[in-house]
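This report covers one protein chain. The sequence and structure come first.

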Amino acid sequence: MSERTIAPEAPLRIAVLDRDSGFLQVLTNRLDRLGWEHRVLASAVRSEDLVAMRLGALVIDLAILGPQAWEELERICTDLPGLAVVVCTGRSSVAQRVRGLRLGADDWITKPCHPEELIARVEAVVRRRKRSEPRAEKPATSAGELEIRADQFQAFVGGASVDLTRREFELIDLLAEAEGQVLQREEIYQRVWGYAMVHGDRSVDVFVRKLRHKLEKASPGWRYIHTHFGIGYRFAPEPIEAEVAESAAVAEPLEVPEPARA
């Protein structure tokens, strides 16, 4: 069976409002390797200019905005509510961090920090925002006894909810969308968790096991998720009775007629 390769999502477009040359050099090198489109800003820019950049995220060092930093942060968050904003600045108090978050920032990270952590936080913010987008336009998916409803982030059997967690739903929704094709563990992790899987991470296997248990309890006559050892998982609803019959046919010994007696 052929594997399905998922096309990578469009590179994230990000702007960084910062003047720390050393930090920017390391950060931009990493962004280049990720394939993200990025732009460094040395001072505050107008909201309409930010809109024209078509950004997915903005990283701000409040220190370079001077006395008007809070006003600038509030202006950006108010004028561009769809923009993911991460504050990456020097030492701060709890009161300052709370104020920044309440003004509209999605996250706050204190310098000095590793660029990899900043990138991970930006990914997390963008991922959360995507999950909160309306999904009512996506039709329900029927598979076996299962009905997958993206508008409710839930799956149902006979009208009763399977009671999935948000991540479990995202997992089954992704597998069902693959339409019977095998998804590699790394692909699943990238799409559901939002970033690259670390070597040795078993999160996908753990969540598949939990999801299987819930599906088997709600729909005991069907098997939905199939394992491809060393590769990943495939979603294909199959009646268990058919599987048992097929296994029995394979295991049943052939009857060999006795030789005719002379």
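## Model and confidence

This is a predicted model, in which local features need pLDDT of at least 70, side-chain atom pairs count only at pLDDT 80 or more, and totals for chains, interfaces and linings use all residues. Residues are numbered from 1 along each chain as its sequence is written, and side-chain values use heavy atoms, without hydrogens and water.

The chain averages a pLDDT (the predictor's confidence in each residue, from 0 to 100) of 82, and 84% of the residues score at least 70.

## Helix H8

Helices (H or I, at least four residues) and strands (E, at least two) are DSSP runs numbered from the N terminus. Helix H8 comprises residues 203-218. Its buried residues (under 20% relative accessible area, 1.4 Å probe, protein chains only) include Phe207, Val208 and Leu211. The buried residues of H8 pack against several elements, among them helix H6 (166-177) and strand E11 (222-228).

## Hairpin E11-E12

Strands E11 and E12 run antiparallel, joined by six bridges. His228 faces Gly232 in E12. Three residues separate the strands of this hairpin, and Gly230 in the turn has a positive phi of about 80 degrees.

Tyr224 is buried, at 2% relative accessible area. Phe235 is also buried, at 6% relative accessibility.

Note on methods: The expected span of a helix is 1.5 Å times one less than its number of residues. Buried means under 20% relative accessible area, exposed over 50%, partly exposed in between (1.4 Å probe, protein chains only). Contact means heavy atoms within 4.5 Å. Two strands pair if DSSP finds at least two bridges between them.
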